[in-house]
Amino acid sequence: MSVCPRCQRALLPASGECPSCSAPRGLPPPVRIPPRRGASAPVRPAGSPRMRWVWPAYRAVCVYWIGAGALGVAQALGAGGAESPGNAFDLGVGALAALVGLGLLLHIEVARGVANVLSFLMILSGLFSLLTGFMAFIIAGAWGLLVMLTALLDIVTGGLMIFLIGETDTRAPNL
């Protein structure tokens with residue numbers, strides 16, 4: 001009596017496949033490849049270039065988020081604390097930005113998801129500001145140009161952050 005190469009159960013003499021796992025009778029045994037030693041970086045597809053600038057840029061953006069958030073908190077506290085609703089909102093936004101930046105730096109998945117959403121909202125806000133800046137440029141001139149430039153900066157920054165989060169993701173895609 002022969003044995004199934006996949007599940008190691010006994011095969012009936014006349015069967016063409018295993019009654020337990022449905023493996024074909026002539027299937028070779030599975031090959032197990034041991035993991036490489038010291039392989040900590042994710043494996044990239046054969047044709048993709050290795051971008052050495054991604055991790056330093058990711059860390060720089062994390063530090064930027066932390067710094068911008070801390071500055072927002074300091075400005076809100078310097079303007080009278082959390083007594084007025086506007087200052088409380090600014091304090092909350094600054095604290096959220098600093099926490100997201102810290103979470104990105106520590107590779108906390110929730111922070112990466114929140115940063116993706118915030119970056120998407122930053123892109124949408126930038127597109128709206130680009131439109132209003134164009135209208136202001138037609139009416140007021142130089143002030144509208146400044147609004148358009150800051151809107152373009154928001155769009156590029158949001159897109160870069162989404163790209164960097166995707167490139168530094170070490171998990172397999174959840175399709």
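Q: Helices (H or I, at least four residues) and strands (E, at least two) are DSSP runs, numbered from the N terminus. What pattern does the protein chain follow, read along the sequence?
A: The pattern is α-α-α-α. In total, the protein chain has four helices and zero strands.

Q: What kind of model is this?
A: This is a predicted model, where local features need pLDDT of at least 70 and side-chain atom pairs count only at pLDDT 80 or more, while totals for chains, interfaces and linings use all residues. Residues are numbered from 1 along each chain as its sequence is written, and side-chain values use heavy atoms, with hydrogens and water left out.

Q: How much of the protein chain counts as buried?
A: Of its 175 residues, 25% count as buried (under 20% relative accessible area with a 1.4 Å probe, protein chains only; exposed is over 50%, and partly exposed lies in between).

Q: OK, pockets. Which residues lie nearest the centre of the largest pocket?
A: Y64, W65, A97, L118 and M122 do, out of 13 lining residues. A pocket here is an open set of points on a 1 Å grid where a 1.4 Å probe fits, with protein on both sides within 12 Å along at least five of seven lines; lining residues have an atom within 4 Å of a point.

Q: Which helix gives the most to that lining?
A: Helix α1 does, with four residues. Each of α1 (54-78), α2 (85-105), α3 (109-140) and α4 (142-167) supplies at least two residues of the lining.

Q: How do the lining residues of the largest pocket divide?
A: There are 11 nonpolar residues, one polar and one charged. Ala, Val, Leu, Ile, Met, Phe, Trp, Tyr, Cys and Pro count as nonpolar, Asp, Glu, Lys and Arg as charged, and the others as polar.

Q: Switching to T168. Where is its place?
A: T168 is in the segment after α4.

Q: Is T168 buried or exposed?
A: T168 is buried, because its relative accessible area is 3%.

Q: And what does T168 touch?
A: Leaving out residues up to four places away in sequence, T168 touches V54, W55, Y58 and R112 (contact means heavy atoms within 4.5 Å). A polar atom of the T168 side chain also lies 3.4 Å from the backbone oxygen of I165.

Q: Last one: L121. Which helix is that in?
A: L121 is found in helix α3. L121 is partly exposed, since its relative accessible area is 46%. Its C-alpha atom is separated by 9.9 Å from that of D154, 33 residues apart along the chain.

Conventions: A polar contact is a pair of N or O atoms within 3.5 Å; within protein, one must be able to donate a hydrogen and the other to accept it, and residues adjacent in sequence count only if both atoms are side-chain atoms.
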